[in-house]
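Dear colleague,

Please find below the sequence and the structure for your review.

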Amino acid sequence: QVQLVESGGGLVQAGGSLRLSCRASGSIFAINNMDWVRQAPGKEREFVAGITSGGSTNYADSVKGRFTISSDNAKNTVYLQMNSLKPEDTAVYYCNAEVLVRYASRSTTFRGQGTQVTVSS
């Protein structure tokens with residue numbers, strides 16, 4: 001029904017920057033909000049940043065001031081600009097989208113396949 005495809009991950013040195021993208025496609029009537037979560041090896045998945053369809057944003061304390069989430073509603077795409085990266089930011093980053101699928105009566109959350117971000121010290 002709905003597919004999320006992330007891109008932009010990679011290997012970067014500490015202090016560097018990366019920009020992640022996530023595009024939603026499929027039978028979409030509306031997207032309520034999109035967010036980024038991450039999971040490091042041996043750790044629980046954690047919220048990173050989120051944005052509503054109206055543009056309101058929120059961030060985990062650990063990334064405030066370093067990461068910026070934005071979206072292009074016309075393209076059903078969300079971005080995560082990551083600056084001043086630290087080794088502890090190393091994780092697989094996943095995109096989530098709460099989507100109202102065409103002809104559905106309520107929203108469903110979909111998740112992408114993830115993109116690896118590795119920050120070397």
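Methionine 34 is found in strand E4 of this predicted model. Its relative accessible area is 5%, and methionine 34 therefore counts as buried, the cut-off being under 20%. Its C-alpha atom is separated by 5.6 Å from that of isoleucine 51, a residue 17 positions apart from it along the chain. Apart from neighbours within four places in sequence, methionine 34 is in contact with Cys22, Ala24, Gly50, Ile51, Ile69, Asn76, Val78, Cys95, Asn96 and Ala97.

In soluble globular proteins, nonpolar side chains tend to be buried together.

Residues up to four places away in sequence aside, tyrosine 93 touches Glu6, Leu20, Trp36, Val37, Arg38, Val48, Phe67, Leu80, Met82, Gly114, Thr115 and Val117.

Finally, is aspartate 89 buried or exposed? Aspartate 89 lies in the loop between E8 and E9 and is buried, at 1% relative accessibility. With residues up to four places away in sequence not counted, aspartate 89 touches Arg38, Arg66, Phe67, Ser84, Val117 and Val119.

With kind regards

Methods:
Residues are numbered from 1 along each chain as its sequence is written. This is a predicted model: local features need pLDDT of at least 70, side-chain atom pairs count only at pLDDT 80 or more; totals for chains, interfaces and linings use all residues. Side-chain values use heavy atoms; hydrogens and water are left out. Contact means heavy atoms within 4.5 Å. Helices (H or I, at least four residues) and strands (E, at least two) are DSSP runs, numbered from the N terminus. Buried means under 20% relative accessible area, exposed over 50%, partly exposed in between (1.4 Å probe, protein chains only).
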